[in-house]
Amino acid sequence: MPSYSSIKKHLHLFHKIKRIQEKAPLMVLIIAGVIGTITGIIGVMFQYAVNWVISIRKLLILHLFDNIWLTYLAIFCITGAMGLFAYYLVKRWAPESGGSGIPEIEGALMNLRPVRWRYVLPVKFIGGLGALGSGMVLGREGPTVQIGGNVGAMICDLLKIKNIAYRHTFLATGAAAGITAAFNAPLAGILFIIEEMRPQFRYNLTSIKAIFVGVIMASIMYQFLFNQTSVFQIGHFSAVPIQSLWLYLILGVLFGCIGVISNKCILLMQDRYRQFYQCKSSNFLLTGFLLAGIFGVTSFILPEITGSGFDFIPDATFGKYAIGTLFLILLMRFITTVLCFSSGAPGGIFAPTLALGTTIGIVFGLFTQQIFPNYHIELGACAIIGMGGLFAATVRAPLTGIVLVMEMSDNYQLILPMIITCLGATLIAQALGGVPLYSAILERILLRSKSVEAEKTEQT
């Protein structure tokens, strides 16, 4: 039978361990709050910087030359130089900052990709500013997610945190805060980690609490420094009639097919670009110069097919375009999205995907209005549902897509048709053998990394 002193000693040890366990999660939450705050501030700074560059670009058309052709030539050179500089930064200092950056964070969560925050943070910010500011068809969410993940790694290194589980948690916290800072969508930030990064994310009570705290602080920073309104100010639409819900299943089937085609086109175009680059920096830099220059000029001639699409979405939702024009915009935006994103530019594809989904949804709404006038279908509702549908089909994260669009549009009454559309899109994409976009890109990154390591081994 143990003595009183022995029992007292074990109780003392038990309480000591308990205090350590209680302090550790509290410290984790404090650090997660710091990561979310920093990511939110940088995300808002990035948005302000991109908007400022775009406004300067728009002013150039008024103050450069009286001759419109000389003005276009000057804009081509200026925006081309912006793209050239962005691609140079990527090629010279941080190749992993090219593209969305989300697959890199997923790879880092699997301990298969390095997180070189000293290089990635400045390159992704400045390079993303050049690429997005020039008018290329890219989104800001890719840069903010990668920036957020790297902020998490930076804090770990600065605080000399060695615990692998905690480092993993802080990396995921930064990524979730990055989504929040891009779209003012804290719930979507949480769900993105749980759903899209579910193979990599190590779920436990501490890690999920940390992500909660991180996205809360990122959202507070966004609302304090930017604004408290939803991203899209497109009004509120009525809940769709029950008898029309079957139409949204058809819309989901359509999005499932388009999503598979879209992903295959992006992956195929990445292969074509890689063949053209052939490890030659000049080809990579030339691509950046030409794409940024062309889209810089195009942004004045056909602004609907350039940029992230955030300016185009409200106009399309309000019925500004006829159906023939929408078909043309849809085709052109699809081509420009594939061209820009596949090239290795430091930008994301969330926003361009939302713009494409909006266009498809409105076209679908125009057709169904003519065929089923008694359903009283609203084009704005179709546009919002379309955003989530294409996102679910390409990224294969339907729950994230649903919540993201709801938070961005503030139209929660459309959640039922949104669920039906996203479910249909996901099921059809799976049935057709489509691969989630980020998973496919990550697989290619890892294969290239292995081949490079094998070449180095052979040379040594």
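Q: Is Arg167 buried, partly exposed or exposed?
A: Burial is read from relative accessible area, and values between the buried limit of 20% and the exposed limit of 50% count as partly exposed. In this predicted model, Arg167 has a relative accessible area of 27%, so Arg167 is partly exposed.

Q: With which residue does Arg167 form a salt bridge?
A: A salt bridge calls for a side-chain nitrogen of Lys or Arg within 4 Å of a carboxyl oxygen of Asp or Glu. Here the partner is Asp157, with the closest N and O atoms 2.9 Å apart. Asp157 belongs to helix 5 (residues 141–158) and Arg167 to helix 6 (residues 164–183), so the pair ties together parts 10 residues apart in sequence. Asp157 is partly exposed as well, at 30%.

Q: Are Arg113 and Glu104 buried or exposed?
A: Arg113 has 18% relative accessibility and therefore counts as buried; Glu104, at 8%, is buried too. These residues form a salt bridge, with the closest N and O atoms 2.9 Å apart.

Q: How many salt bridges does the structure hold?
A: There are 6. One of them joins Lys320 to Asp315, the closest N and O atoms being 3.9 Å apart. Lys320 is exposed, at 56%, while Asp315 is partly exposed, at 29%. Bridges with shared partners also link Asp271, Arg274 and Arg444 into one network.

Q: At what angle do the axes of helix 14 and helix 15 cross?
A: Angles over 145 degrees count as roughly antiparallel. The axes of helix 14 (residues 379–395) and helix 15 (residues 398–409) cross at roughly 150° and come within 8 Å, which makes the two helices roughly antiparallel. Their contact has 8 nonpolar, 4 polar and no charged residues.

Note on methods: Residues are numbered from 1 along each chain as its sequence is written. This is a predicted model: local features need pLDDT of at least 70, side-chain atom pairs count only at pLDDT 80 or more; totals for chains, interfaces and linings use all residues. Side-chain values use heavy atoms; hydrogens and water are left out. Axes are lines fitted to C-alpha atoms, for helices over the stretch in contact, and angles run from 0 to 180 degrees between N-to-C directions. Helices (H or I, at least four residues) and strands (E, at least two) are DSSP runs, numbered from the N terminus. Angles under 35 degrees count as roughly parallel, over 145 as roughly antiparallel, 65 to 115 as roughly perpendicular and the rest as oblique. Ala, Val, Leu, Ile, Met, Phe, Trp, Tyr, Cys and Pro count as nonpolar, Asp, Glu, Lys and Arg as charged, and the others, Gly among them, as polar. Buried means under 20% relative accessible area, exposed over 50%, partly exposed in between (1.4 Å probe, protein chains only).
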